[in-house]
Amino acid sequence: MNGKADEFEQLVRLNRENLYRIAYRLTGNRDDAEDLLMEALTEAWESFRHFQKGTDFVRWVATIMTHTFLDWRRKNSHYELVSLDETNESDENEEPMDLPEDAEDPETVAVKRAFWKAANKALDELPSEFRAVVVLVDMEGLSYEEASKILKCPVGTVRSRLHRARLLLREKLKEWL
Amino acid sequence: MSCEQWSEQISAWVDGVLSEVEKAALEAHMRTCNACRQTANELMELKRGLRTVPVPPPRHGMWERLLRHIRWQAQRKRFVTVKSLLPLWLGAAASVVLLSSAILLLTQKPKVSQTVNPQINVLASYHADTVSLALSDNPICHLVASAELSEAESHE
């Protein structure tokens, strides 16, 4: 491989946990997360010659990934339904990556698991644009400005989408709040 | 302002992005409004809860598959680049060959008179068809050619 490809591969390896986490949170299941990463990283590699040193690689790929995800959803209306079914069947049996390390009583663990399951379902039911902004701001901790750059929309749009998304999530998760 | 109108402000307050003036106005309202206070608490709890939602590990071998795919893409791109330049190289080589041939043909004098029977030179100046007849193996053609030759000589 040439130097540019080596450099790209190294950046992917260094940031793989962050990249996968964003892909998973956007799609809600591991198979779609892998497909999303595959497509986004392929596109990222093709335009890697434009990547400037000093740019945040994760943000750069996250931008491609978010728009790829939104395009998928726009093009394929079946996608949301397929993902919904796959999410709960294929990922439920797997041990989550970041379960609390401290020994918690089984009841607390059970409540947490029930909340996570409900939260994942509620996220799956959100319109894609709302899900994207919730993932970026609420789950990834980005500022409105950072999210607006990734989503390529005004800060005001981020703010109103986030608010509407939160109201929808609050309705669905009311018993845990 | 109704509670519904305050709610977007509450969402921004949860994120700490309100201006000092907006923040003071909202907090003053919340001191007297139970519904908005409850909304604020729920949105804060929602935000906190969403961050705890875990991410399961990727499928086994996912990164190897992804990186293999990227390496393949990189190699394919290089191959495609070379492949896309191939017609240019072939075109250039073909042009050189054609040009060389044309120069050779133009600079070489025809040597027909040195290799063909001198009689045919006379024929060539008269009629090209007669040349064909003279060169033919068919005896009848030779007879026709001889007759045409005689006629040509008689004209001269």
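The structure is a predicted model, in which local features need pLDDT of at least 70 and side-chain atom pairs count only at pLDDT 80 or more, while totals for chains, interfaces and linings use all residues. Residues are numbered from 1 along each chain as its sequence is written, chains are lettered from A and ligands numbered from 1 in the order in which they are written, and side-chain values use heavy atoms, with hydrogens and water left out.

The pLDDT, which is the predictor's confidence in each residue on a scale from 0 to 100, averages 87 over chain A, where 84% of the residues score at least 70. Over residues 81-90 of chain A the pLDDT stays under 50, and for this stretch the model has 13 contacts beyond four places in sequence.

Chain A has nine helices and zero strands, and chain B has eight helices and zero strands; helices (H or I, at least four residues) and strands (E, at least two) are DSSP runs, numbered from the N terminus. Of the 177 residues of chain A, 47% are buried, and of the 156 residues of chain B, 27% are, where buried means under 20% relative accessible area, exposed over 50%, and partly exposed in between (1.4 Å probe, protein chains only). By the Shrake-Rupley method with a 1.4 Å probe, for which only the protein chains shown count as cover for residues, chain A exposes about 8800 Å², with 48% of it supplied by carbon and sulfur atoms, and chain B exposes about 10800 Å², with 61% of it from carbon and sulfur atoms.

Helix 1 of chain A covers residues 3-14, and its end C-alpha atoms lie 16 Å apart, in agreement with the 16 Å that twelve residues should span at 1.5 Å a residue; the expected span is 1.5 Å times one less than the number of residues. Its buried residues are A:Ala5, A:Phe8, A:Glu9, A:Leu11 and A:Val12. Seen down the axis of helix 1 of chain A, these buried residues fall within an arc of 160 degrees, so they line one face of the helix, the arc being that of the directions from the helix axis to the C-beta atoms. On the other side of helix 1, A:Gly3, A:Gln10 and A:Leu14 are exposed.

Helix 2 of chain A has buried residues that include A:Leu19, A:Ile22 and A:Arg25, and A:Gly28, which follows this helix, has a positive phi near 85 degrees.

A nonpolar core is a set of buried Ala, Val, Leu, Ile, Met, Phe, Trp, Tyr and Cys residues joined through side-chain atoms within 4.5 Å. The largest one has 76 residues, of which A:Phe8, A:Leu37, A:Leu41, A:Phe57, A:Trp60, A:Val134 and B:Trp63 touch the most other members. Helix 4 (residues 57-75) of chain A gives the most to this core, with ten residues. Leaving aside neighbours within four places in sequence, A:Val134 is in contact with A:Leu123, A:Leu126, A:Met139, A:Leu162, A:Ala165, A:Leu169 and B:Leu50.

In chain B, B:Ile10 is found in helix 1 (residues 3-14) and is buried, with a relative accessible area of 0%. Beyond four places in sequence, B:Ile10 is in contact with B:Leu26, B:Cys36, B:Thr39, B:Ala40 and B:Leu43; B:Ile10 and B:Leu26 are 16 residues apart in sequence and 7.4 Å apart in space, C-alpha to C-alpha.

Definitions and conventions. Contact = heavy atoms within 4.5 Å.
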